[in-house]
Amino acid sequence: MMSARIGRESAIGGVLSLTVLLLGMASCLQSQPAHTRLIYSHSLLNTTPTAGETIVNGGGTFIASRGWQSQAESSQLTITLAAPLPFEGTAIINVTNFDPVSQNTYEYKQHIFNLYSRVYPNNKDVFYTDAAWCNIRTGSAYSTGPGVAGFKFLAAARGLGTRDEERCVESNTWNLNRTYEFKIIWTRTYTWCYLDGVLMSRLPFSGQVEPFKYILIGRDNLIWGYSAQPGVIFANLRIYGRENPLIHLSGKAHLQGPYQTTTHTMRTPGAAGYALPLQSPYAQAPYTATSIPATIVDWVLLSLRPSATASPLIWKSFWLRQDGRLIDPQSGSTTCTWPIDSGRFFVALHHRNHLSALTADTLLFDGINASSWDFSTALDQYYNSRGAAEVEPGIWALQSGDLNADGLVNNGDYSLWLSASRNGAYGYADGDFNLDGVSTTRDYVIWYNNAFLAARSGMP
Ligand SMILES: [Ca+2]
Ligand SMILES: [Ca+2]
């Protein structure tokens with residue numbers, strides 16, 4: 001009886017161990033994503049850009065149909081990408097004529113492939129910044145004996161405090177005639193380094209705030225630092241991203257026109273006796289909803305841009321709820337999404353008769369967590385601290401009256417408003433600055449006050 005019971009518990013223990021093992025394997029597989037969408041590639045046969053990047057050949061030679069060869073310790077092929085890489089991706093490069101045993105005769109530490117978020121003449125200057133980097137370093141220093149050599153893989157997601165490193169495959173022998181493939185995968189948690197599809201090292205990589213933008217092949221810095229392994233021929237650089245990228249925003253803003261100090265919320269069309277159109281009024285991002293919740297105040301238009309003056313990367317129509325929360329009409333959720341790669345972007349908020357607003361700074365979109373921005377808390381949440389009015393103490397709202405969307409509230413808007421008003425516009429109308437369903441002198445007063453203040457958007 002006793003022995004049967006023990007046996008059963010052992011069996012349960014065995015099942016539990018197996019379950020834990022399988023769960024562990026599953027989470028390990030989950031955290032090693034397959035990035036299959038090509039976002040950048042270059043043959044490395046020349047310096048001709050393929051995607052707006054700049055490529056500088058520092059002391060190497062292009063060999064027809066083979067690639068770029070590092071000729072000396074000082075050799076470097078410097079690739080400055082046109083756009084930063086996502087916060088999750090895979091970089092692959094092929095090397096031939098590769099043997100760290102015989103080619104690392106001068107320096108113990110020689111580099112082959114480096115990803116950086118920023119670069120300096122001496123790249124140790126990145127240590128005390130928020131920079132991110134990954135290096136594959138070779139050298140006879142990383143060897144278990146004569147005739148063999150391997151690597152050190154180094155990575156830091158955010159400055160020296162996050163740096164980690166690991167020696168790997170130090171007993172490898174090498175064949176100059178073979179083609180080897182190096183692969184670095186990075187995510188929000190780890191970075192992995194592979195040789196010919198076999199994992200060499202995995203290092204922690206959490207907290208990255210600066211996306212990779214520089215690829216240094218050979219020497220790992222601009223002037224001073226670790227040198228290149230001479231003789232190696234590099235080719236066929238590829239960078240992949242997530243198959244279905246998505247970024248997330250949790251946002252809040254108020255509109256001056258419909259804001260009511262009695263309820264600390266915005267007036268809704270239902271309460272004012274009219275209905276919102278099911279179709280977004282913004283031509284940049286057409287979207288038609290099947291129904292619109294009664295708590296929604298109006299359609300708004302959001303765009304993302306890498307710099308304050310850059311052209312928008314993407315537009316999308318959203319809803320603004322009476323409490324100021326942005327709602328994604330596709331999901332009805334307060335988490336707003338865009339199907340693009342992670343990165344750092346400014347967010348612009350546009351409304352059909354209020355001044356446009358731009359976030360005062362870039363937001364980091366990591367592809368996993370929702371970034372948040374609240375335009376309602378302070379004027380300095382707005383780029384250039386302009387374009388908002390304090391509608392009650394501590395509550396800021398986009399200023400109303402910009403009917404022609406030129407970033408100013410002035411006579412140009414008045415003319416348009418006057419014709420709308422004379423037409424007796426009611427319901428959903430652009431001349432309705434307070435969104436109460438009719439164009440009246442109440443709207444004129446809003447326009448007048450903002451025009452008197454020479455209200456203008458802070459968006460460049
Ligand atoms: Ca205007
Ligand atoms: Ca009105």
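Visitor: Which strand does Leu-77 lie in?
Guide: Leu-77 is part of strand β5, which covers residues 76-80. Keep in mind that this is a predicted model.

Visitor: Is Leu-77 buried or exposed?
Guide: Buried, because 26 other C-beta atoms lie within 10 Å, and the cut-off for buried is 20 or more.

Visitor: What does Leu-77 touch, leaving out residues up to four places away in sequence?
Guide: Its contacts are Leu-44, Ile-55, Asn-57, Gly-60, Trp-68, Ile-217, Gly-218 and Phe-234.

Visitor: And how far is Leu-77 from Arg-219 in space?
Guide: The distance is 8.2 Å, C-alpha to C-alpha, although 142 residues separate Leu-77 and Arg-219 in sequence.

Visitor: New topic. Where is Ser-140 found?
Guide: Ser-140 sits in the loop that joins β8 (133-139) to β9 (150-156).

Visitor: Why does Ser-140 count as buried?
Guide: Because Ser-140 has 20 other C-beta atoms within 10 Å, and 20 or more is what buried requires.

Visitor: Which residues is Ser-140 in contact with, neighbours within four places aside?
Guide: Pro-100, Val-101, Asn-104, Tyr-108 and Ala-149. For Pro-100, which is 40 residues from Ser-140 along the chain, the C-alpha atoms are separated by 6.5 Å.

Visitor: Now the helices. At what angle do α4 and α5 pack?
Guide: At about 175°, with the axes 10 Å apart; α4 is residues 411-422 and α5 is residues 441-452. That angle makes α4 roughly antiparallel to α5, since the term applies over 145 degrees.

Visitor: Which residues meet there?
Guide: From α4, Asp-413, Tyr-414 and Trp-417; from α5, Asp-443, Trp-447 and Ala-451. The residues of this contact between α4 and α5 are 4 nonpolar and 2 charged, with no polar ones.

Visitor: Zooming out, how is the protein divided into domains?
Guide: Domain 1 is 34-241 and domain 2 is 247-452. Taken over C-alpha atoms, the centres of domain 1 and domain 2 are 45 Å apart.

Visitor: How many residues does the contact take from each domain?
Guide: 9 residues from domain 1 and 9 residues from domain 2.

Methods. Residues numbered from 1 in each chain as written. Chains lettered and ligands numbered in written order. Predicted model: local features only at pLDDT ≥ 70, side-chain atom pairs only at ≥ 80, totals over all residues. Axes fitted to C-alpha atoms, helices over the stretch in contact; angles between N-to-C directions. Helix = DSSP H or I, 4+ residues; strand = E, 2+ residues; numbered from the N terminus. Parallel < 35°, antiparallel > 145°, perpendicular 65-115°, else oblique. Contact = placed C-beta atoms within 7 Å. Nonpolar A, V, L, I, M, F, W, Y, C, P; charged D, E, K, R; others polar. Buried ≥ 20, exposed ≤ 12 C-beta atoms within 10 Å, placed from the backbone. Domains from an automatic or database assignment.
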